[in-house]
Amino acid sequence: MSDPAALITVDDLRTIFRTGEEVARAVDGVSFSLRAGETLALVGESGSGKSVTALSIMRLLPMPPAQIVGRRIVFADRGTEQDLLTLTERQMRRIRGRRIAMVFQEPMSSLNPLLTIGEQIAEGLRLHLGLSRAAAAERACELLARVNIPDPVRRSGEYPHRLSGGMRQRVMIAAALGCNPALLIADEPTTALDVTIQGQILELLRSLQQELCMAMLFVTHDLGVVSEVADRVAVMYAGRIVETGSRAEILSAPRHPYTKALLGSVPRRRSARRDPAARLPAIPGQVPSAAQLPPGCTFAPRCGLAIPACTAARPALQPIAGAHAVRCIRWRET
Amino acid sequence: MARVTVAVSPGLLLLHRLLRRRLAAAALLVLVAVLAGGLLAPWIVPYAPQRMDILHRLAAPSRLHWLGTDEFGRDVLTRIVYGARLSLLVGGLVMLVATGCGLLLGLLAGYVRRLDGVLMRVTDALMAFPDILLAIALMAALGPSLIDVVVALATVQTPRVARVVRGAVLVLRELQFVEAAEALGATDARVMRVHLLPNLISPLVVQATFIFAAAILTEAALSFLGAGVPPTVPSWGNMIAAAQLYMQQADWLILAPGIAILLTVLSLQVLGDGLRDALDPRLRRLMR
């Protein structure tokens, strides 16, 4: 599934955590690719491995206990192809923040309380672009203006405690975009924000993405957010991608029982429900522990359609049409 | 409605908060007095510290000798003031060396996972010995000079600082701004210097005052046991050790240095508590 135009190709990524005797397979064979300007949403519940996937790409997981055992992450940037997994730590540092940037979930703790806003944005600029203190400070103000922070000059001299969550997330975005990265990894950037601010941040990310022709890997568990930002969607469950396709395919015509159940458990207005009196459906059971994955299809224990064949062998990702693919042996019947 | 930013330096703010607590203010006053006495010793004391006056040996406190004289007729007040000099010098140096080394070790242990096990086992091993015992053993190996005392006491105190710093780093390193800095491509050294170190200052300052106090106390104990600075040097521990023989006839000999140690160490402890509260407004609010 190698796409020659891809900016980044994650090929059979496997990340495990060793804790004593146990081996937890947090990411168990994840593959996807992403082109410039494209947004891929990585969707899944807590513990499905989506954040570990993101951190594996950045190689920011603490090792040990984490270990990336397979297989390669090809980053084709500016005409050169590199396997991020074979780079030295030093080479990796040159890519982090410069070519691949990251925005985190928790804007309240993402900023160092003892440095001013301006200093924190300038940090990456000085590190990667070698700007002088003054030039970096000036560019930091420009970046603040670009993420729509009013009065950037004054704000850049302030400390994070004076900013609201939404403002801090804007600052984080400004810091991430400082070096015009080719790929932005956004790890649940809107989860900690209230809904109106969420909308603003998504809008901001989208417009900046277009402006910079940047690829975006958007990690989220919020399907509402997916419908707003994603071009393509990959649904993760227990460390594997169970279904992938375009936004419309996944949201309107899901084939995997897990995707269906996930979409079914999104709360809707009373008038939009088929049966207004029914309780909100939930998926029975819970995500299996990454240390004890069930054999075969990892979703089988919770799946209403499971048959003995489901647990016999690990199902492969089967193409349905175009880019739409599903990891379920009974997808035709769903 | 423009908010006005009043520029107050953090140091000034801290001092203000500290002085609002009466006990801490008193402690600071005592320490300033001791410090001034120690620094200005040659100019303020009435006699030379080694001047003997055999005719007036073991003289009770009087107008001539405010705190009396010792078994060689040396002025006790003079020796107390000179002793303050030594105590502060030892305490201060030990504080600097121990917090410096402890900070470095704690940062490395807390942030560089590979080093954690090794460094913490070493500190555990050092902390397994009782303070005094370890200090005496080190003194026996090193020698009796002032520098040796500082090295021995710093070795005893460093593991404590390392532990505290490591604990704070373990909390800090999980905060997202550390991860964010790593995601920006910052080196380990840079993360430690720019993002961890400044956030460690509060616990470090508090720890430093306690180490100052502990160093003074241990130094006195070492001198008392004869394992500290040479007995001719006026130190509070030496004075108490020498006074043992004359305790029944001349109780001031033991009381004067004893009270000096008590006041100084107590003040440092109170100051440390006050600093801790002043540096952490949240904790203070909870305690009220």
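In the lining of the second largest pocket of this predicted model, the residues fall into 10 nonpolar, 1 polar and 11 charged ones. Here Ala, Val, Leu, Ile, Met, Phe, Trp, Tyr, Cys and Pro are counted as nonpolar, Asp, Glu, Lys and Arg as charged, and the others, Gly among them, as polar. Residues are numbered from 1 along each chain as its sequence is written, while chains are lettered from A and ligands numbered from 1 in the order in which they are written. Because the model is predicted, local features need pLDDT of at least 70 and side-chain atom pairs count only at pLDDT 80 or more, whereas totals for chains, interfaces and linings use all residues, and side-chain values use heavy atoms, with hydrogens and water left out.

## The pocket and the cavities

Rolling a probe the size of a water molecule over the atoms shows where empty space is left. On a 1 Å grid over the protein atoms alone, a cavity is a set of points where a 1.4 Å probe fits but cannot get out, a pocket is an open set with protein on both sides within 12 Å along at least five of seven lines, and lining residues have an atom within 4 Å of a point. Grid points are joined across faces, edges and corners, and a volume is the space filled by probe spheres set on the points.

The second largest pocket holds about 780 Å³ of space. It has 22 lining residues, and those closest to its centre are A:Leu60, A:Leu61, A:Pro62, B:Arg113 and B:Glu182. Two or more residues of this lining come from each of helix H2 (89–95) of chain A and helices H4 (113–128) and H7 of chain B, where helices (H or I, at least four residues) and strands (E, at least two) are DSSP runs numbered from the N terminus. With 3 residues, H7(B) gives the most to the lining of this pocket.

| Cavity | Volume | Lining residues by class |
|---|---|---|
| Largest cavity | about 150 Å³ | 13 nonpolar, 4 polar, 1 charged |
| Second largest cavity | about 80 Å³ | 10 nonpolar, 1 polar, 2 charged |

Of the 18 residues that line the largest cavity, A:Met172, A:Ala175, B:Ala180, B:Ala181 and B:Leu184 lie nearest its centre. At least two residues of that lining are supplied by each of strand S6 (100–103), helix H3 (117–129) and helix H6 (165–177) of chain A, and by H7 of chain B. The second largest cavity is lined by 13 residues, and nearest its centre lie A:Cys297, A:Cys303, A:Cys310, A:Cys328 and A:Ile329.

## Where the two chains touch

The size of an interface is often given as the accessible area lost when the parts come together. Between chain B and chain A about 2100 Å² is buried, with carbon and sulfur atoms giving 56% of it; buried area is the accessible area (1.4 Å probe) that two parts lose on being put together, summed over both. Of the area that chain B buries against chain A, B:Gln176, B:Ala183 and B:Leu184 supply 31%, more than any other three residues. In terms of contact, which means heavy atoms within 4.5 Å, 19 residues of chain B meet 28 residues of chain A.

How many salt bridges does the rule find across the interface of chain B and chain A? There is 1, if a salt bridge is a side-chain nitrogen of Lys or Arg within 4 Å of a carboxyl oxygen of Asp or Glu. The side chains of B:Arg190 and A:Glu123 form a salt bridge of 2.8 Å, N to O. On the side of chain B that touches chain A, the elements giving two or more residues are helix H7 (176–183) and helix H8 (188–224) of chain B. H7(B) provides the largest share of that side, 6 residues, and the residues of that side divide into 8 nonpolar, 6 polar and 5 charged.

## Within the chains

Chain B contains 11 helices and 0 strands, and its C-alpha trace spans about 75 × 55 × 30 Å along its principal axes.

Over all chains, a search of the whole structure finds 26 salt bridges. In one that is 2.8 Å from N to O, the side chains of A:Glu38 and A:Arg232 meet. A:Glu38 lies in the loop between strand S2 (22–35) and strand S3 (39–43) of chain A and A:Arg232 in strand S9 (residues 232–237) of chain A, so this pair ties together parts that are 194 residues apart in sequence.
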